[in-house]
Amino acid sequence: ERGGNNSFTHEALTLKYKLDNQFELVFVVGFQKILTLTYVDKLIDDVHKEFRDKYRNEFQQKGTLGILNGTFDFKDDFMRLLRDAEESSKIRAPTVMKTFEQSLKSQKTVKCMIETRGEKPKEKVKNKKNKGSKKEGTEAVAVPGKVSAGDKQPSAAGDREELTKDEILQKNREEFFRRHMKAGEKSSKSPKPEAQKEKGKKPRVWDLGNSNAKVLDYSNSATNGSAEACPVEEFDPDTALGDRNREPGRLYDLEYESDDEAEEEKVIQNPSKPSTKKGGLGGMFGMLKGLVGSKSLTREDMDPVLEKMKDHLIAKNVAAEIAVQLCESVAKKLEGKVMGTFTTVTSTVKQALQEALVQILQPQRRVDVLRDVMDAQRHRRPYVVTFCGVNGVGKSTNLAKISFWLIENGFSVLIAACDTFRAGAVEQLRTHTRRLNALHPPENHGGRTMVQLYEKGYGKDAAGIAMEAISYARNQGFDVVLVDTAGRMQDNAPLMTALAKLIAVNAPDLVLFVGEALVGNEAVDQLVKFNKALADHSMAQTPRLIDGIVLTKFDTIDDKVGAAISMTYITSKPIVFVGTGQTYCDLRSLNAKAVVAALMKA
C-alpha cells in the first residue's frame with residue numbers, strides 16, 4: 001500500500017527496494033543513511049535484470065516451491081555488478097560542446113534573420129499586439145462606447161496588410177464579442193414586471209420549532225438572572241443516551257450500508273467511445289478492448305484507469321498528494337503482473353486499490369484501551385490519556401463520550417480541565433461531569449463516584465494542572481485520567497511548544513489527536529505539523545508523538561470518508577475512536593472494510 005515510496009529509513013540505515021510483480025520477487029539494497037551513494041538505483045536495476053534473466057526458466061518451471069527449495073548462486077555476479085556500479089559513478093565522461101549543426105542557430109534560415117527598415121521582429125509584434133488586445137477587451141467591458149463603421153474600416157485595412165493570419169483571426173473574434181455585448185445590453189433593458197414583490201421581510205417559521213413568539217420572549221423575565229430563581233434544568237436520559245437497546249459498555253463497529261444490487265464491475269472506458277450506429281460489432285469490440293488475456297499489465301494499460309481512480313479519491317476528500325501516492329503504489333504493485341483471461345483492467349486496479357486501502361486502515365499496532373487500563377490497575381497507577389487537536393473539532397465532547405464508555409466498563413474517570421484559555425471550557429466539562437454522574441450515580445457503584453472534574457480555573461499553566469490531576473488520581477484511586485487541552489492551530493509555535501511541554505512533563509500513556517472528518521488536504525498539514533512540533537519541542541531523546549486518532553463528525557460526511565485515509569496514511573497510527581453523533585452512545589470503533597466500501601462507492 002506504500003509502494004509509491006521506494007525507500008525506507010530506519011535509524012541509521014536506508015533501504016531501497018524494487019518489485020518484480022511478474023515473478024513476485026522483491027530486491028532490497030541497504031546502506032548507511034549518512035552515505036550519499038549515487039549508484040544505488042543503477043545497482044538495484046542491474047541486479048534485478050541479471051538475476052531475473054539468469055533464473056527465469058527456474059521461476060517459470062518450478063514455481064514457488066522451486067524458489068523456496070532451490071539454491072541460487074549469485075554472489076560472484078553481484079560483486080561484479082557492484083564493482084561496475086561503483087566505477088560508473090567515479091568515471092564521468094567530460095561534457096562535450098555542441099557542434100554548430102546541433103545548435104538551434106543552424107536551423108534558422110538567412111531569410112528569417114534579415115530585418116528590413118521599419119519592420120519589427122515578429123515575436124515582439126505579437127506580444128505587443130496581445131497586450132493591446134487585452135487592453136481593448138477590458139475597455140470594451142468597462143465602457144462599451146459606440147464606434148462608427150467609418151472609424152473602423154481605415155484602421156482595419158491598414159493593419160491587415162502587416163498582420164498575420166492568427167492576429168487577424170484574434171481581431172475578428174474581439175469585434176464579434178463587442179457586437180454581442182452590445183446586443184446583450186439592449187436585451188437587458190427589458191420592461192419591469194407588472195407584479196412586484198411585496199416589500200418587507202416575513203418572519204421565518206420553523207417546522208419543528210414553536211410558532212408562538214410569547215414562549216420565546218424572555219425580555220420581561222422577573223428572575224433577573226439570579227441562580228436561585230432560574231428554573232431547574234430537566235435532564236432526560238434518553239436524549240443523552242440515544243439507543244436504549246444497546247449493550248452497555250460495548251464499542252460497536254462503524255457500519256456502512258452499501259448499495260450493491262449487483263456487483264458488476266463498471267469498465268471505465270476512454271472518452272472516445274465507439275458510436276452505436278456502426279452496428280453490434282463496435283459495441284462488442286469496445287467491451288473486449290478493456291479485457292486482458294494472459295498478458296502482463298503495462299503502465300499504459302493502467303494510466304487511464306488510475307487517473308480516474310485518483311480523481312475519485314480526491315472527490316471523496318482524500319488529500320491530493322496521498323491520492324497520487326496511492327495510485328502510484330498500485331501501479332508499481334500491478335506493473336508486469338500477468339492477468340487471467342477475461343479480466344478487466346478496471347476491476348484489477350480497483351481490487352488492488354481496495355486491498356491497499358484496507359491495509360492502510362488496519363493498524364500495525366492495535367490500541368486496546370481497556371486492556372491497557374487493566375494493566376495500569378495491576379501496577380496501581382492511573383492510565384493517562386491526553387487529547388490534542390485544532391480548534392473546534394470536538395475534543396471536549398468526545399472526551400465526555402469516552403468517559404461514559406469507560407464508566408460503563410466499570411472504570412472510574414478523573415477529567416483534568418487543562419483548557420485554561422477558551423471561555424466556557426471548564427463549565428462545559430462541569431456540565432458533562434454532572435450529567436455523567438446523573439446517569440451513573442454513586443449508589444449504583446457501591447457509593448463510589450465514577451467521574452470527577454479536576455479544575456483550577458482559567459489562565460493557569462496547563463502542564464502543572466495535568467501533573468496535579470495525575471497525582472490526585474493516584475492518591476484517590478482513580479483508574480483513568482482524561483486530560484483535555486486547549487485547541488490550537490498547527491502553525492502557532494508558542495502554543496505547540498506548550499503542548500509539547502505538557503506531554504513531555506506528564507508522559508501520558510496515550511496521546512490522541514482529535515480531527516474532524518470534514519477536512520481534506522488540511523488533515524495532512526495538521527498531523528504532520530503536530531508530530532513535528534512534538535518532536536522538535538520535546539526534551540526527551542526519543543520524543544513522544546501522536547499514538548492514535550479520534551475521528552469526529554463522521555455523521556456529517558455521508559460517503560466522503562477520505563479524511564480517515566489521509567490521517568492514517570500520513571502517521572501510520574490507528575483510528576481508535578469514531579464520533580458519529582451528539583449523544584454519549586455515539587462512539588464507534590473503525591471498521592476498515594465499511595470505510596473502504598463507502599470510499600469506493602461511485
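View 1. The protein chain holds 20 helices and 13 strands. Both are DSSP runs numbered from the N terminus: helices are H or I with at least four residues, strands are E with at least two. This is a predicted model, in which local features need pLDDT of at least 70, side-chain atom pairs count only at pLDDT 80 or more, and totals for chains, interfaces and linings use all residues. Residues are numbered from 1 along each chain as its sequence is written, and side-chain values use heavy atoms, with hydrogens and water left out. Of the 602 residues, 35% count as buried. Buried means under 20% relative accessible area, exposed over 50%, partly exposed in between (1.4 Å probe, protein chains only). Contact means heavy atoms within 4.5 Å. Among contacts between residues at least 6 apart in sequence, 76% join residues at least 24 apart. The chain exposes about 38,700 Å², computed by the Shrake-Rupley method with a 1.4 Å probe; for residues, only the protein chains shown count as cover.

**View 2. Confidence along the chain.** Mean pLDDT is 76, and 70% of residues reach 70 or more. pLDDT is the predictor's confidence in each residue, from 0 to 100. Over residues 123-161 pLDDT stays under 50, and the model has 24 contacts there beyond four places in sequence. Residues 259-289 are also below 50, with 13 contacts beyond near neighbours in sequence. Where pLDDT is low, the predicted coordinates should not be read in detail.

**View 3. A nonpolar surface patch.** F8, L15, L19, V26 and V28 make a patch of about 430 Å². Strands β2 (13-20) and β3 (25-32) each give two or more residues to this patch. Patch residues have over 30% relative accessible area and no salt bridge; nonpolar side chains (Val, Leu, Ile, Met, Phe, Trp, Tyr) are joined within 5 Å, like charges within 9 Å. A salt bridge is a side-chain nitrogen of Lys or Arg within 4 Å of a carboxyl oxygen of Asp or Glu. L15 sits in strand β2. L15 counts as partly exposed because its relative accessibility is 31%.

View 4. R380 is not a glycine, yet its phi is about 55° and positive. R380 lies in the loop between α13 (369-378) and β6 (383-388). At 76% relative accessibility, R380 is exposed. A507, also not a glycine, has a positive phi of about 45°. Its loop runs between α17 (493-506) and β10 (510-516). A507 is exposed, at 52% relative accessibility.
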